[in-house]
Amino acid sequence: MVELDLAGRVAMLAGATRGIGLSVAYALAGRGVSLVINGRDDEAVAATVEEIVGGGGQAVGVCGPAGHAGVVEKMADAALSGFGALDIAINCAGIAEPPGSTVLTITEDQFREQIDAHLMSAFHVTSIAGRVFAEQQSGSIVLTGSAASLGTFGGSGYPAAKGGVNALALAAAGDLRDLGVRVNVVMPGAKSRLSSGPEYVRHIESLHERGILDKFTRDAALDPAPPEYVAPLYTFLASAAASEITGQIFSAAGGFIGRYDPHQPTFVAYRDHGATAPYDMSELADLLT
């Protein structure tokens with residue numbers, strides 16, 4: 001029997017007041033999970049907590065950017081002191097990249113903001129919750145990646161940070177597997193403030209015109225499903241039903257769910273370095289062009 005019951009569990013959610021994070025919060029609260037809600041805006045955090053509590057759930061709020069270690073430490077402390085446990089840690093925190101940003105136009109400060117918002121928030125959630133989970137020999141961490149990490153949506157800091165999230169999750173899953181801690185990534189496609197508005201539409205249309213996005217991907221990007229369609233995957237990965245799943249990167253958009261194969265090189269050539277010289281330029285040209 002697959003164990004889907006989450007009642008009585010405790011979760012901390014970074015970036016839980018809007019879009020995908022808010023839908024995940026509602027999904028978990030609906031299954032009886034007590035929540036530590038995080039966001040950058042005091043009023044949004046308070047409103048989300050009030051709505052969950054008003055609906056019969058349990059929630060407390062911690063305001064601040066999850067890219068700062070102190071904020072995530074407060075979240076873990078709030079879970080342990082307020083609810084007596086911490087079982088699930090989910091990171092949905094993030095910010096949009098500057099409109100039209102590329103590696104040629106983004107500033108160093110803007111690039112660092114992207115790394116802080118996406119990768120450092122994932123690191124703090126994984127590291128701080130991971131210590132609690134390692135000690136109790138159980139826990140699920142779910143991070144939010146993006147198909148932008150594949151380079152198909154242009155940009156600079158955002159895809160770089162999301163690529164780092166994938167690498168962090170795979171490495172952490174290996175480190176923590178024997179300690180009973182699971183780490184997975186969801187790369188969601190859903191309507192949110194990051195995937196709507198005139199600047200976003202212009203960006204997607206520009207990528208299509210330049211041949212970076214095909215027509216199918218462009219159309220899907222311009223008409224994403226509501227975030228309620230991806231929230232169930234986060235909820236499932238947080239549950240005991242996913243107890244054998246770790247170190248996995250999933251894609252979810254509307255009714256589509258995909259799983260990425262482990263990165264492996266495609267064979268090009270081999271020769272024994274102990275018996276041959278290094279490849280020369282002409283040999284590499286023959287092999288690689």
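This is a predicted model: local features need pLDDT of at least 70, side-chain atom pairs count only at pLDDT 80 or more; totals for chains, interfaces and linings use all residues.

Analyst: Residues are numbered from 1 along each chain as its sequence is written, and side-chain values use heavy atoms, with hydrogens and water left out.

User: Which strands stand at the edges of the sheet?

Analyst: Helices (H or I, at least four residues) and strands (E, at least two) are DSSP runs, numbered from the N terminus. Two strands pair if DSSP finds at least two bridges between them, and here eight strands make an open, mixed sheet ordered E3-E2-E1-E4-E5-E6-E7-E8. The end strands each have a single partner, so one side of each lacks a neighbour in the sheet: these are E3 (59-63) and E8.

User: What angle does the direction of H8 make with that of E6?

Analyst: H8 packs on the sheet and touches E4, E5, E6 and E7 (contact means heavy atoms within 4.5 Å). Axes are lines fitted to C-alpha atoms, for helices over the stretch in contact, and angles run from 0 to 180 degrees between N-to-C directions. For H8 and E6 that gives about 175 degrees.

User: How many of the eight residues of helix H8 are buried?

Analyst: Buried means under 20% relative accessible area, exposed over 50%, partly exposed in between (1.4 Å probe, protein chains only). The cover over the buried residues of H8 includes H1 and strands E4, E5, E6 and E7. Helix H8 (residues 231-238) is largely enclosed by the rest of the structure, because the buried residues number six.

User: Which residue meets Glu283 in a salt bridge?

Analyst: A salt bridge is a side-chain nitrogen of Lys or Arg within 4 Å of a carboxyl oxygen of Asp or Glu, and the whole structure holds two. For Glu283, the N to O distance is 3.1 Å, and the partner is Arg271. That pair links distant parts of the chain, 12 residues apart: Glu283 is in helix H9 (residues 281-288), and the loop between E8 (256-259) and H9 holds Arg271.

User: Is Thr17 buried or exposed?

Analyst: Thr17 sits in the loop between E1 (10-14) and H1 (19-30). Beyond four places in sequence, its contacts include Leu22, Ile37, Ala44 and Val45. Its relative accessibility is 10%, so Thr17 counts as buried.
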